[in-house]
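Q: Hi! Could you walk me through this one? I'd like to start with the overall fold and then get down to side chains.

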Amino acid sequence: MKALIVEDSRLARLELQEQLKAHKDIQVIGEASNVPDALEQVKSLKPDLIFLDIHMPQQSGFHLLE
């Protein structure tokens with residue numbers, strides 16, 4: 001399963017990546033720290049799963065879902 005991490009905190013992204021190493025069926029294919037970058041990556045990488053932070057500066061994770 002291909003996953004994208006969308007989180008504005010670099011440390012949180014690193015922690016989530018570390019936790020996901022225990023799940024061999026999940027491959028992290030990209031990271032984004034804001035909604036515009038995430039939208040580009042969703043379109044180009046077509047992940048199966050998105051780990052999405054809701055509270056981010058400027059736009060929330062809900063903006064990406066729209």
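Q: How many strands form the sheet, and in what order?
A: Three strands make an open sheet, ordered S2-S1-S3, with parallel pairing. Two strands count as paired if DSSP finds at least two bridges between them. Helices (H or I, at least four residues) and strands (E, at least two) are DSSP runs, numbered from the N terminus. This is a predicted model, where local features need pLDDT of at least 70 and side-chain atom pairs count only at pLDDT 80 or more, while totals for chains, interfaces and linings use all residues. Residues are numbered from 1 along each chain as its sequence is written, and side-chain values use heavy atoms, with hydrogens and water left out.

Q: Thanks! Which are the edge strands?
A: Strand S2 (27-32) and strand S3 (49-52) are the edges, each pairing on one side only. On average, neighbouring strands of the sheet are turned by 20 degrees against each other, direction ignored.

Q: How many bridges join S1 to S2?
A: Five bridges join these parallel strands. Ala3 stands opposite Val28 in S2.

Q: What does helix H1 lie across?
A: Helix H1 (residues 10-20) lies across S1, S2 and S3, and runs at about 175 degrees to S2. H2 packs on the sheet as well, touching S1, S2 and S3, and its direction makes about 145 degrees with that of S2. For those angles, axes are lines fitted to C-alpha atoms, for helices over the stretch in contact, and values run from 0 to 180 degrees between N-to-C directions.

Q: Nice. Which residues make up the largest nonpolar core?
A: Seven residues do: Leu4, Val6, Ala32, Val35, Ala38, Met56 and Leu64. Strand S1 (2-6) and helix H2 (35-45) each supply at least two residues of this core. A nonpolar core here is a set of buried Ala, Val, Leu, Ile, Met, Phe, Trp, Tyr and Cys residues joined through side-chain atoms within 4.5 Å. Buried means under 20% relative accessible area, exposed means over 50%, and partly exposed is in between (1.4 Å probe, protein chains only). There is also a second, separate core of five residues, including Ala3, Ile5, Leu20 and Ile26.

Q: What is Val6 in contact with?
A: Leaving aside neighbours within four places in sequence, Val6 has contacts (heavy atoms within 4.5 Å) with Ala32, Asn34, Ala38, Ile50, Phe51, Leu52, Asp53, Met56 and Leu64.

Q: Switching to charges: how many salt bridges does the structure hold?
A: Two, taking a salt bridge as a side-chain nitrogen of Lys or Arg within 4 Å of a carboxyl oxygen of Asp or Glu. One joins the side chains of Arg13 and Glu31 at 3.0 Å, N to O. Arg13 is in helix H1 and Glu31 in strand S2, so this pair ties together parts that are 18 residues apart in sequence. Lys21 forms a salt bridge with Glu18, their closest N and O atoms being 3.3 Å apart.

Q: Is Arg13 buried or exposed?
A: Arg13 counts as buried, at 13% relative accessibility.

Q: Last topic, the backbone: what is phi of Lys46 and of Gln58?
A: Phi of Lys46 is near 50 degrees, positive although the residue is not glycine. Lys46 lies in the loop between H2 and S3 and is exposed at 56%. Gln58 has a positive phi near 75 degrees, sits in the loop between S3 and helix H3 (61-65), and is exposed at 83%.
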